[in-house]
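Please walk me through this structure. Start with the strands, then turn to the charged pairs.

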Amino acid sequence: MLSQIARSARSGLALNTKGPIRLAKHIRPFATVEGNTPRVQPTPSRRKATPKSHDRATFTIRDGPIFSGKSFGAASNISGEAVFTTSLVGYPESLTDPSYRGQILVFTQPLIGNYGIPSATRDEYGLFRYFESPNLQAAGVVVADVAEQYSHWTAVKSLGEWCAEEGVPAVSGVDTRAIVTYLREQGSSLARITIGEEYDADQDEAFVDPEQINLVRKVSTKAPFHVSSATGDYHVAVIDCGVKENILRSLVSRGASVTAFPYDYPIHKVAHHFDGVFISNGPGDPTHCQDTVYHLRRLMESSQIPVMGICLGHQLLALAAGARTIKLKYGNRAHNIPALDRTTGRCHITSQNHGYAVDSSTLPSEWKEYFVNLNDHSNEGLIHQSRPIFGTQFHPEAKGGPMDSAYLFDMYLENVSRYHKSQAIFQPERENRPSPLLVDLLSKERVGVVPTTGMENLLRMGGAGQETAKAASAA
């Protein structure tokens with residue numbers, strides 16, 4: 001199987017995962033609505049950069065209020081799901097988080113951009129030091145006030161310049177308090193940003209719902225890639241649903257080399273080559289990822305390998321276990337959300353970014369709730385009663401902080417270490433360290449991920465917007 005991985009990497013094509021185990025057509029019944037080698041950055045096709053616009057800008061919520069402000073990003077019209085974050089800092093990390101793909105991010109912090117945007121420098125592992133992915137992922141940005149003049153020793157450009165370069169529209173001068181009040185009362189809503197144009201009610205049909213699109217397919221690598229660790233002997237398989245750079249860093253810095261696979265790769269077929277399996281964060285509705293759920297279920301049936309999931313990975317783990325997921329009214333996106341560890345009684349302040357959650361009442365008897373949100377009492381984690389498998393809805397690796405729960409990576413690596421040692425006893429000839437040839441053949445960066453939301457400029461298409469969205473969903 002590793003030779004198959006290598007052949008795929010040489011060809012630059014996605015691995016063929018079709019076969020008798022692949023589900024031909026999926027119905028999505030689960031979701032309900034509740035009121036040390038250098039890594040070379042690829043050059044995929046980019047969203048079209050535009051000069052920074054200072055035109056009139058309109059932020060329109062479908063069937064809701066209209067807000068007029070001023071553009072400070074790209075001169076581009078977009079549509080997406082409007083969500084809000086109460087994070088005070090970390091906007092470069094948030095905006096490059098693949099979990100925000102297809103969403104218009106509204107910041108409640110009154111002033112955004114005062115410390116600018118840092119450079120795309122890389123660390124000793126070849127990972128981005130200040131970003132969570134190579135490109136800006138959010139569809140649009142909405143703030144009350146933007147700092148055109150920035151000041152920070154790492155900054156190389158302003159937030160507006162960055163948005164323009166990435167082709168992302170941004171709006172300032174709007175009442176974000178009123179926007180957030182509306183979203184909290186009505187729930188996350190479809191919205192659009194229009195630059196330099198008056199609002200036209202006849203164009204309401206151009207609103208695009210990113211939840212109807214398999215966004216994970218758009219942010220996941222199309223072929224395996226590898227990140228080496230020089231400090232340990234472990235080898236972890238990551239299911240890339242939109243993995244953040246700091247998740248990879250949290251693993252390799254603890255001594256685990258990482259090979260990341262496409263989200264729908266049949267991981268159960270190659271798990272015996274690894275010491276652990278990790279399921280990453282990602283955007284959108286988890287029930288779009290039926291292949292991933294099926295493969296995880298097969299993995300847990302056929303292997304005792306340690307497994308950890310974060311955010312979307314946690315939800316996929318729950319679906320594979322037989323639980324259900326729900327869509328929250330407006331989700332949780334912040335750096336200061338309290339989560340209670342049900343096993344110790346301790347509370348941790350956590351970073352979160354999700355619109356879906358696991359319905360803990362549907363967990364099978366061999367699973368138990370691990371963490372619970374102390375604000376809305378939604379599920380924040382699950383853990384198997386007897387096996388080294390667990391997941392968290394929050395982000396213990398949060399680059400913008402807090403780091404209260406980073407110990408969960410240590411806990412996962414302890415599980416990986418025990419499994420590695422047990423396999424060495426029963427299979428002394430087993431060698432899980434990636435071969436130098438495989439490391440050379442595999443890419444060191446995500447493969448074939450195009451930095452576009454799939455929602456850009458749909459407003460210009462008028463009534464064709466919905467058909468385009470359907471086509472994007474099928475792509």
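The text below covers a sheet, the helices across it and the salt bridges.

This is a predicted model, in which local features need pLDDT of at least 70, side-chain atom pairs count only at pLDDT 80 or more, and totals for chains, interfaces and linings use all residues. Residues are numbered from 1 along each chain as its sequence is written, and side-chain values use heavy atoms, with hydrogens and water left out.

Begin with the sheet. Eight strands form it, open and mixed in pairing, in the order S13-S15-S14-S16-S17-S23-S22-S20. Strands here are DSSP E runs of at least two residues, and helices are H or I runs of at least four, both numbered from the N terminus. Two strands pair if DSSP finds at least two bridges between them. S13 (225–227) and S20 are the edge strands; each has a single partner strand, so one side of each lacks a neighbour in the sheet. From one strand to the next, the twist averages 20°. Axes are lines fitted to C-alpha atoms, for helices over the stretch in contact, and angles run from 0 to 180 degrees between N-to-C directions.

Now look at S22 (residues 381–384). S22 pairs with S20 (residues 367–369) in the antiparallel sense over three bridges. Three bridges also join S22 to S23 (residues 389–392), again antiparallel. A hairpin of four residues connects S22 to S23. Ile 383 is the bridge partner of Lys 368, and Ile 383 also stands opposite Phe 390 in S23. In a regular strand the side chains alternate between the two faces of the sheet. In S22, Gly 381 and Ile 383 on one side and Leu 382 and His 384 on the other are all buried, that is, under 20% relative accessible area with a 1.4 Å probe, protein chains only.

Elsewhere, S14 (residues 234–240) and S16 (residues 276–279) are parallel, with four bridges. Val 238 stands opposite Phe 278 there.

Helix H9 (residues 407–426) lies across S14, S15, S16, S17, S22 and S23, at about 125° to S14. Contact means heavy atoms within 4.5 Å.

Turn to the charges. The structure holds ten salt bridges, each a side-chain nitrogen of Lys or Arg within 4 Å of a carboxyl oxygen of Asp or Glu. Lys 327 meets Glu 81 at 3.3 Å, N to O. Lys 327 lies in S18 (residues 324–341) and Glu 81 in S4 (residues 78–85), so the pair ties together parts 246 residues apart in sequence. Both residues are buried. Lys 244 pairs with Glu 397, with the closest N and O atoms 2.9 Å apart. Lys 244 sits in the loop between S14 and H6, Glu 397 in the loop between S23 and H9.

Technical notes:
Buried means under 20% relative accessible area, exposed over 50%, partly exposed in between (1.4 Å probe, protein chains only).
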